[in-house]
Amino acid sequence: MKNLTNSFLSILIVATALHAKAVPMDPETQTSVIDRLERVISQMSNKEPSWVASNLRLADLLAERARLRFMSEIEKTGKGGAGSEADRKKATDLYESVQNRVSAQEQGRILFQLAHLYEGSGNRKKSLDLFNKILKTPAKYESFLVLKARTGLADIQFQEGKFKAAQDNYEVAMKDSKLENRGLVMYRVAWCQFNRNKLSDGIKTLEKLAGTPSLLTKDSTKGQVYDSGFHGDVVRDLATFYSRRSIGKSDINQFRDLAPTDQMQELLLFFSGEADRLGQKQAAYDILKIYIEDPKLSTEEKLEAYVRMAQARYDMGRSNDSNEDFALAAMTFKQAKCSSKDNKCDELQKRMKRYVTELHRSKKVKPDVAVLKAYFIYVQTFPQDAETAILGAQVALDLKNYPMAGSLYRSASNGTQDAKFLEIALMGEIEAAELQKTAKVREEAYLRYLKVLPNGKSRHEVRYQYAQVTYEQQKHAEAAALFKEIALDTSAPAALRRKSADLSLDSLAIQHRDSDIELWALEFAQAFPKDRAEFQKISRKALMNQVAKTANSKDSSNWEMKKALDKMLATNLSTATSQEKVLHYKNQEVLARKTGNELVVLSSLNGLLAEKTLSASEREEALARKVGLYETRLDFRSAYNTATQMKFASLSKAERELKLGTLADLAEMNANRHYQAALNAGLKGTAGASLRSRMVLSSKNPAAELKKHQNELRKYPNLMAEAVLVIFAKTKSENAVKPFMGSISRTAEARFINKQSFYPTHQSLARRLANQRLNGSSQALMKRTIDQRMKLLAEADSSLVQAVRLNDYTAQIMTLSTVEKENERMVQDLLSLPVPPRLSAAQKAQYTSLLEQQSRPFAQKAQVSRQKLLEFWSNDRALSSLISEYENARNEVKPLLRNELRLLSEFSSGSGQNSRLKSALSEGDGPSRKELLALRQEVSRNPRDVRSIQKLRDLETKIGHPLMATYLDGRLNQIKKEEI
């Protein structure tokens with residue numbers, strides 16, 4: 001009803017023509033005339049005779065320009081503008097200014113003109129007042145003005161929805177034979193009837209109007225001519241009217257007969273649309289059948305008709321028939337020769353898409369197979385329309401036609417490059433594939449996504465699903481690698497990464513790939529800080545599996561076991577439980593022992609002992625192994641410290657204290673506390689005696705200590721003698737050992753002690769003899785000095801006798817050497833004495849002879865002593881025994897023996913034994929403490945090297961710890977047993 005909303009405009013056109021009868025002007029001329037006329041009027045007095053006529057003329061021109069401007073504004077913006085409004089206002093003001101200065105007839109024209117100007121300005125009340133004013137006193141005005149006022153009033157009433165009043169006024173006007181635009185008025189009457197629910201009357205009015213050519217006209221320069229546009233509007237509205245009641249075939253035929261030929265296609269299409277809109281699907285379809293029979297229809301028009309027909313039949317519940325029509329539409333499209341220039345293809349596609357989407361919308365709650373078929377037909381026709389293909393695929397999913405859904409999603413992904421649609425399509429294809437529950441189809445869908453959208457937003461989930469389907473197909477090696485890749489991808493969702501890590505390790509476990517589990521789990525421990533402990537535990541368990549396999553296999557090489565041990569050493573136990581650590585350290589110790597790595601054995605034991613969950617028996621065993629390890633490394637201090645932590649449940653208290661004391665002693669610690677405890681606990685026999693002897697020998701006050709133990713040690717003479725000798729060697733005091741000498745009087749140690757005081761005594765005598773000189777300056781001095789010499793020589797003889805009694809090789813050589821040397825010197829000194837003065841020659845000869853006689857005994861004694869010395873120096877057995885005794889003596893005693901050899905060396909000149917003694921003294925310095933420690937380190941590094949142990953044992957015997965040699969003998973015996 002678009003013509004009715006602007007009906008006042010058609011009346012306004014007539015009204016403005018009441019005063020402006022001149023030939024229409026173009027806009028520029030019109031404006032020029034208005035401007036010129038305004039200048040003229042501005043210079044006129046309102047009393048001049050032409051002033052009224054001039055203002056009327058100007059008002060008419062402004063009203064006309066307002067009309068033209070209004071029409072132009074409507075075309076451009078759809079509403080009136082400031083230009084037309086300004087002209088309308090000026091015209092209104094001019095009409096009102098001259099209204100009372102014109103004739104009655106002229107006033108009627110002005111009133112009519114003002115009424116329409118007010119209407120145009122939106123002041124409908126003033127318009128109504130003016131039209132009613134004319135109609136109340138019709139006699140005062142021209143009949144045609146009264147007629148126009150009535151139609152103008154009817155138009156306003158119509159616009160205000162007062163359809164009965166409007167119809168009444170229209171019908172009164174129609175009774176006047178002079179009524180202009182009768183067809184338009186009749187058209188309005190039909191709409192009044194329609195709006196008053198007089199549908200049948202309205203239809204009859206429109207049918208009459210449409211079937212009367214004389215009513216379908218408009219004014220022109222040639223008079224009344226046929227108005228095709230108006231005719232079309234009437235028939236179009238007739239379609240609307242028909243659609244408000246049940247449309248029959250007679251209605252359709254009547255409509256086709258009344259429609260203008262040049263608008264037939266358009267009007268039939270509109271009629272079918274109205275029928276369809278109001279639910280008359282069959283009528284809509286029948287109208288379209290008539291429409292599509294027109295051979296002049298273009299392909300596009302046929303396509304639209306087929307689409308509408310398909311929709312109509314679908315709405316009637318005839319789904320299959322509907323899709324037949326849509327298939328015809330698709331075929332029609334393919335036959336169309338579209339060009340991108342006129343966008344014909346796009347428009348046709350839109351029409352078909354509209355059908356599909358509308359069809360879908362109508363069945364949105366429960367789409368059926370027909371909807372899916374429509375989508376399929378459409379997608380086959382327009383494969384590039386990804387969006388519609390996706391919608392169709394979703395319908396297929398709803399209908400559980402999963403293969404079709406996958407196909408439509410595939411079509412969508414093939415038909416677009418848009419990332420958004422690609423994501424939806426590819427994920428949809430995956431969903432359809434998963435619903436089909438076929439591994440191969442799922443695999444293809446996953447791989448397609450990853451190929452087309454390697455960086456898609458769902459790539460991580462798809463990679464996970466692809467790995468999952470690979471896993472399900474038992475391709476565990478490939479699945480493990482795929483899951484690992486996801487797990488280490490920091491851009492992937494955390495939860496997905498975590499699940500992937502677990503499944504990756506699970507895939508490795510199925511393949512028994514413990515080595516890879518160990519390494520991958522460590523990587524995951526770094527990648528997942530919150531789960532580090534769990535993954536480290538898995539890694540450790542995998543390592544334990546490998547270690548157990550390697551350690552238990554007879555075929556495992558030393559290199560393989562070392563490699564396994566290196567892995568265990570590199571294991572991070574910071575997050576391990578105590579039970580895990582216990583198992584780890586036990587296995588590590590086993591491997592370390594098998595590979596001979598005692599340092600790792602020690603660290604493993606330390607780790608094991610640090611665990612509180614270790615049982616008491618396991619702790620005792622571990623401590624025992626640790627003590628044994630320290631012993632083999634000769635680290636007795638550590639062995640002792642470790643042993644103090646042990647219970648030694650299988651040993652008596654005495655045995656336990658003896659064990660601890662021995663370790664402390666070997667560690668050069670004070671062991672007396674433990675030794676005394678062992679004795680107090682009842683240690684007796686040889687073991688007890690040896691212990692007492694060791695306590696004496698190691699004491700800072702050995703004499704006092706020996707006094708405590710002498711009653712027990714007297715039962716073991718050898719031990720007692722050794723203790724007394726060591727005490728003497730340490731104290732160099734006979735008084736210190738005097739209380740004990742009676743207990744050892746018959747021993748070699750007693751003899752050795754007893755002779756020690758002889759050496760310095762005789763040395764003192766020898767020095768006095770050597771320093772004594774004979775003085776022959778006077779008889780008195782000569783006599784006195786000879787007497788002195790003789791006395792000293794007698795002491796030397798006594799010393800020799802004492803040496804013989806001692807039966808000591810060294811003492812006898814010392815005394816014999818002194819006797820031989822000093823007697824020989826006595827001979828020389830006597831013979832060298834000066835002869836007394838005043839003696840005759842005979843007296844001198846007699847004096848000389850006397851001296852010779854006196855010196856002869858000394859010469860003989862020197863000769864005998866010399867002979868005896870040769871015998872002693874020739875006694876290799878005695879000298880060798882002495883040298884051997886020196887070389888093997890205890891450290892405490894060795895200085896005494898060394899002094900003895902040094903004394904012998906002083907007297908050995910010319911004996912042939914001098915070099916031997918010097919050599920013994922030189923070698924007697926023997927191995928140093930430094931050499932001893934170096935050899936101990938060698939044995940510590942190679943605790944099973946028999947040769948090194950034997951060398952150390954020999955060296956310990958000479959200059960080392962008294963107990964060490966015994967300990968090393970025990971180790972040698974153990975090694976021999978193990979080799980057997």
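Phe636 has a relative accessible area of 2%, so Phe636 is buried. The model is predicted, and the exercises below work through some of its local features.

**Exercise 1.** State how many aromatic pairs the model holds, then classify the pair Phe636 and Tyr967 as stacked, tilted or edge-to-face.

*Solution.* 
- Step 1. Rings of Phe, Tyr and Trp pair if their centres lie within 6.5 Å. By this rule there are 16 aromatic pairs.
- Step 2. The ring centres of Phe636 and Tyr967 are 5.1 Å apart and the planes stand at 90°, so this pair is edge-to-face.
- Step 3. Phe636 belongs to helix H33 (residues 636-643) and Tyr967 to helix H50 (residues 964-979), so the pair ties together parts that are 331 residues apart in sequence.
- Step 4. Buried means under 20% relative accessible area. Tyr967 has 19% relative accessibility, so Tyr967 counts as buried. Phe636, at 2%, is buried too.

**Exercise 2.** Identify the aromatic cluster that contains Trp191, and find which ring lies under the charged end of Arg236 and which under that of Lys894.

*Solution.* 
- Step 1. Trp191 forms one aromatic cluster with Phe194 and Phe241.
- Step 2. Arg236 has its charged end over the ring of Phe270, at 4.9 Å from the ring centre.
- Step 3. For Lys894, the ring is that of Tyr886, and the charged end sits 5.2 Å from its centre.

**Exercise 3.** Describe the surroundings of Ser855: which helix holds Ser855, is Ser855 buried or exposed, and what does its side chain reach?

*Solution.* 
- Step 1. Ser855 is part of helix H44 (residues 841-873).
- Step 2. Its relative accessibility is 5%, so Ser855 counts as buried.
- Step 3. The Ser855 side chain reaches the backbone oxygen of Glu852 at 3.0 Å.
- Step 4. Leaving out residues up to four places away in sequence, Ser855 touches Val827, Leu830 and Leu831.

Technical notes. Residues numbered from 1 in each chain as written. Predicted model: local features only at pLDDT ≥ 70, side-chain atom pairs only at ≥ 80, totals over all residues. Heavy atoms only, no water. Phe/Tyr/Trp six-rings, centres within 6.5 Å; stacked < 30°, edge-to-face > 60°. Helix = DSSP H or I, 4+ residues; strand = E, 2+ residues; numbered from the N terminus. Buried < 20%, exposed > 50% of the residue type's maximum accessible area, 1.4 Å probe, protein only. Lys NZ or Arg CZ within 6 Å of the ring centre and 35° of its normal. Polar contact = N/O pair within 3.5 Å; in protein donor to acceptor, adjacent residues only side chain to side chain. Contact = heavy atoms within 4.5 Å.
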